[in-house]
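This report describes one protein chain, starting with the whole chain and ending with a single residue. The sequence and the structure come first.

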Amino acid sequence: MNTVIDFQTPDEVSDYVRSVPADDFYILGRGSNSLINPDSIVPTVIRMAADAVVPEINGTRVRLGAGMPMNRLQDFALKQGLSGLEFAAGVPASLGGMVAMNFGCWGRSMSDFVTGIQVVDDRGEIRWLTVDAAQFSYRTSVFHQKKWMVVAAELELTTSDSETVRTAMLANIHTRIEKQPLRDKTFGSIFKNPPGHYAAQLLESAGLKGRQWGAIQLSDRHANFLLNSGGARYSDTIQVLELLRSTVQSVANIELELEVKIFK
Ligand SMILES: Cc1cc2nc3c(=O)[nH]c(=O)nc-3n(C[C@H](O)[C@H](O)[C@H](O)COP(=O)(O)OP(=O)(O)OC[C@H]3O[C@@H](n4cnc5c(N)ncnc54)[C@H](O)[C@@H]3O)c2cc1C
C-alpha cells in the first residue's frame, strides 16, 4: 500500500519535492478520476490537506487551497453568495484536481474561472502561474506534462445571493442523479469525447452499456461510467478498460482516449 502524505503548506511541499527523487511520488487530489495500482513501485502519494489554505476573499475574487473538496467549496460559495461553480455541485473532487483536469461539463470548465494558480514546481520552487502558462484545454493542462503541484488557485466568480446559488446547485445535483450513477463508486467519465462524438454513445452503440465483468459494470444509466460494486481489482479494471477501448475501435474505428488517470 502507498504512503499518503497530506501537506498543510506550500513550504512543506517544497521541502518534500527538494528532498526526494521525482519518481518517488504521485500527486493526487480526491482521487475521483484516478485508478491507482495498490502494488505500485511508486511509494508515496502526496496531496494538499483539505483545510491547508485559509480562503481569502477580495470582492468576487477568491483564493482557495487546492485540497479543498468540492462540497466545502460549494458551501463556501453559497455562504458568500458567489456564483460560478454550481456546475460542479455533487462531484467528489478537489479544487487542485479540478484545475489540473480542467474539469468541465454543460459548456463550462474551470478555465472560465481560474485567474491564477499557485504551484510548487519540480525543483521545489513556489510560484504563481498565469492562466496562459496553465495551457488549459479539453480535460487537460500543463499539469499533465509537468510534475507541478497545484497548492492554491485564484478564481473570479460573480456576485449572486445564497438562495439563487443554492437553487442552481440543487438543480445540477438533481440532473446528475438523473443521468449519472452519482451514488455508486465510479471515476466519472472513463473516456474523453472524441471530436464530433460522445464516448457514451460510442460505447452504447458497441453494445457495451450495462455489461458486467465480475464486480465491474458499465453503467446502464450512463455508458461512459464504470461501476465498482466492491472488490474490483486494479488489474481487472485495466483489462475492462482495454476491452472497452478495443471494442469501440473495431466497431466504430474510433480510438478512445482515457480521461481517467492511471497510476501504475
Ligand atoms: C460522480 C462523478 C462525476 C464526475 N463528473 C465530472 C464532470 O462532470 N466533469 C469532469 O470534468 N469530471 C468529472 N468527474 C471526474 C473528476 O471528478 C474530475 O476529473 C476532477 O477534476 C478530479 O478531481 P480530483 O481531486 O478527484 O483529482 P484526482 O482524481 O485525484 O487527480 C486527477 C488528476 O489531477 C492531478 N492532480 C490532482 N490534484 C492535483 C494537484 N493539487 N496538483 C497537480 N495535479 C493534481 C492528478 O495527478 C491526476 O492526474 C466526475 C467524477 C465522478 C466520480
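How many Å apart are the mean positions of the positive and negative charges of the protein chain? The mean positions of its 26 positive and 29 negative charges are 4 Å apart. Lys and Arg count as positive and Asp and Glu as negative, while His and the chain ends are not counted; each charge is placed at NZ of Lys, CZ of Arg, CG of Asp or CD of Glu.

The model is predicted: local features need pLDDT of at least 70, side-chain atom pairs count only at pLDDT 80 or more, and totals for chains, interfaces and linings use all residues. Residues are numbered from 1 along each chain as its sequence is written, and side-chain values use heavy atoms, with hydrogens and water left out.

**Whole chain**

The protein chain has seven helices and 17 strands, taken as DSSP runs numbered from the N terminus (helices H or I, at least four residues; strands E, at least two). Its radius of gyration is 19 Å, close to the 18 Å of the globule rule for 264 residues, so the chain is as compact as a globular protein of that length. That radius is taken over C-alpha atoms, and the rule is 2.2 Å times the number of residues to the power 0.38.

| Property of the protein chain | Value |
|---|---|
| Span of the C-alpha trace along its principal axes | about 50 × 45 × 30 Å |
| Buried residues | 47% of the 264 residues |

Buried means under 20% relative accessible area, exposed over 50%, and partly exposed in between (1.4 Å probe, protein chains only).

**Nonpolar cores**

A nonpolar core is a set of buried Ala, Val, Leu, Ile, Met, Phe, Trp, Tyr and Cys residues joined through side-chain atoms within 4.5 Å. The largest has 46 residues, and V99, M110, I117, F143 and L155 have the most contacts inside it. Elements giving two or more residues to this core include α1 (10-19), α3 (95-101) and β12 (149-156); β12 gives the most, with five residues. Another core, of 23 residues, lies apart from it and includes L35, L203, A223 and V260.

**V142**

V142 lies in the loop between α4 (131-134) and β12. V142 counts as buried because its relative accessibility is 1%. Leaving out residues up to four places away in sequence, V142 touches L129, A133, A134, Q135 and W148, where contact means heavy atoms within 4.5 Å. The C-alpha atoms of V142 and A100 are separated by 7.6 Å, with the two residues 42 apart along the chain.
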